[in-house]
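Thank you all for coming. I would like to walk you through one structure this morning, beginning with the place where its chains meet and then turning to the folds behind it.

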Amino acid sequence: MDVKDGRTVKGVNFVDLRDAGDAVELAAYYAEQGADELVFLDITATHEKRKTLVELVQKVARELNIPFTVGGGISTPEDVGVLLNAGADKVSINSAAVRNPQLISDLAKRFGSQCVVLAVDAKCVDGNWEVFLNGGRLSTGIDLFEWIVKAEQLGAGEILFTSMNHDGTKNGFANETLAKLSEMVNIPVIASGGAGNMEHFADTFIEGKADAALAASVFHFKEIEIPELKKYLKTKNIPVRI
Amino acid sequence: MKKQNIVIIDYDAGNIQSVKYAFERLGITPIVSKDKEVIRNADKVIFPGVGEASWAMNSLKENDLIDLIPDLKQPVLGICLGMQLMCESTEEGNTKALGIFPVSAKRFTNEQKVPHMGWNQLDDLKGGLLNGIKTSEFTYFVHSYYVPLIEETIASCDYIVPFSAALQKDNFYACQFHPEKSGDVGVKILENFINL
């Protein structure tokens, strides 16, 4: 869920919700539907408005009895302390970690690896997977695989990998790359970017060796319903909580 | 729901907000405290824990809580690291722990990904704290160390090896999973604890 000023921003048109823009209500809806974990990405631009994120985290933690991760604009251990104290289970860090890899180990030491999710956006350019920042606009020149291995060594507890080549295409996840990543590290890898139908989820667990799969718009627009998806995955012998 | 005085031990070890909120959803406002008298006078005590074991034991020591916890007479529920600290020791930081359960926590081997993170199924359920929970129901786990199966095991789980998902000895209860994050199954377990 992308949130701004405490409200979800990707167009959601659920008729059965009083206010689909209310991130807390949407979170409760997904928890009820059987989502195993929720990720909130704050896209609020200004520092002052970060306060609304902390309030949102508190409200979500009060309501929700499943784990949730919060990301967006986190750059210091203090930022993380505030969010965890508000009730977040994990935080996801991205560009701040690329700029200052030491942040990963600082967070792992202070809060434990289990709450440090390293989000990485990467794009395949001329056959090489490169880490990008700012939603794919800013090239870093850093090799994806080297970065992930380094992040694991520094103490990241999970990898949230989004392929910019697949994100938004609805043609399936970047399974070949995911499988390579998943075999290189001994921490969970979450697949993100490209979900279009239920087969894509099965494929990313089987071919992509993903430990979890993340999607937004296919759920927001009800193209896929979570209960149906889980039943389908079960028929494919993928262990799921139903 | 029974009205009662539930105290969450506050020793600066991780996320106690979620545990507090989980009880609030059940209509109980727990007290979060490190005061020995407050803890001793509680109807029920929650011993949470997220973080690193030796650091957490140090924190218990600094707060002078090491002798208090094993001596408590009311129902005590250890959660996650709290459960491992209720054992004799843990391999994490080679830490001597509180010695309530006669077992040592061990580190998972790297045959599969560590930490064991996510939803997993319970088995060999022995009632009490787990009354009404069915075999194969899911709870949420996040841990790199595990407690082997022992006589006091009241639920098991399997990841790399079979391990203790929950323990009980006298008034001491513990679960490796996070009931406060385990959906409706977790709610039922917390209700059971309240109703003990």
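Between them, chain B and chain A bury about 2000 Å², and 53% of that area lies on carbon and sulfur atoms. Please keep in mind throughout that this is a predicted model. Of the area that chain B buries against chain A, 32% is supplied by Y21(B), K113(B) and K181(B), which is more than any other three residues contribute. In terms of contacts, 22 residues of chain B touch 31 residues of chain A.

The rule finds 2 salt bridges across the interface of chain B and chain A, and in one pairing the side chains of K181(B) and D89(A) meet at 2.9 Å, N to O, as a salt bridge.

Which elements of chain B supply at least two residues each to the side that touches chain A? They are α1 (17-25), β8 (116-121), β9 (138-143) and α5 (183-194), and the largest share, 5 residues, comes from α1(B). By residue class, that side of chain B divides into 9 nonpolar, 7 polar and 6 charged residues.

In chain B, 7 strands form an open sheet with mixed pairing, in the order β2-β1-β3-β4-β13-β12-β11. Because β2 (31-33) and β11 (153-159) of chain B stand at the edges with a single partner strand each, one side of each is left without a neighbour in the sheet. On average, and with direction ignored, neighbouring strands of this sheet are turned by 25° against each other. Within the sheet, strand β12 (residues 161-169) and strand β13 (residues 172-175) of chain B pair in the antiparallel sense over 4 bridges, and K169(B) has F172(B) in β13(B) as its bridge partner.

As for the helices, α1(B) lies across β1 (6-9), β2, β3 (44-47) and β4 (76-79) of chain B, running at about 170° to β1(B), while α5(B) lies across β1, β3, β4 and β13 of chain B, at about 140° to β3(B).

Chain B also has an open sheet of 4 strands, again with mixed pairing, in the order β6-β5-β7-β10. Here β6 (95-96) and β10 (145-146) of chain B are the edge strands, each with a single partner strand, so one side of each has no neighbour in the sheet. Strand β7 (residues 101-107) of chain B and β10(B) pair in the antiparallel sense over 2 bridges, with Y146(B) in β10(B) as the bridge partner of K106(B).

Finally, some local points. The peptide bond from V114(B) to P115(B) is cis, with omega near 5°, and P115(B) sits in the loop between β7 and β8 of chain B. In chain A, K222(A) has a positive phi of about 55° although it is not a glycine, and K222(A) is found in the loop between α9 (217-220) and α10 (226-235) of chain A.

Definitions and conventions:
Residues are numbered from 1 along each chain as its sequence is written. Chains are lettered from A and ligands numbered from 1 in the order in which they are written. This is a predicted model: local features need pLDDT of at least 70, side-chain atom pairs count only at pLDDT 80 or more; totals for chains, interfaces and linings use all residues. Side-chain values use heavy atoms; hydrogens and water are left out. Two strands pair if DSSP finds at least two bridges between them. Contact means heavy atoms within 4.5 Å. Buried area is the accessible area (1.4 Å probe) that two parts lose on being put together, summed over both. A salt bridge is a side-chain nitrogen of Lys or Arg within 4 Å of a carboxyl oxygen of Asp or Glu. Ala, Val, Leu, Ile, Met, Phe, Trp, Tyr, Cys and Pro count as nonpolar, Asp, Glu, Lys and Arg as charged, and the others, Gly among them, as polar. Axes are lines fitted to C-alpha atoms, for helices over the stretch in contact, and angles run from 0 to 180 degrees between N-to-C directions.
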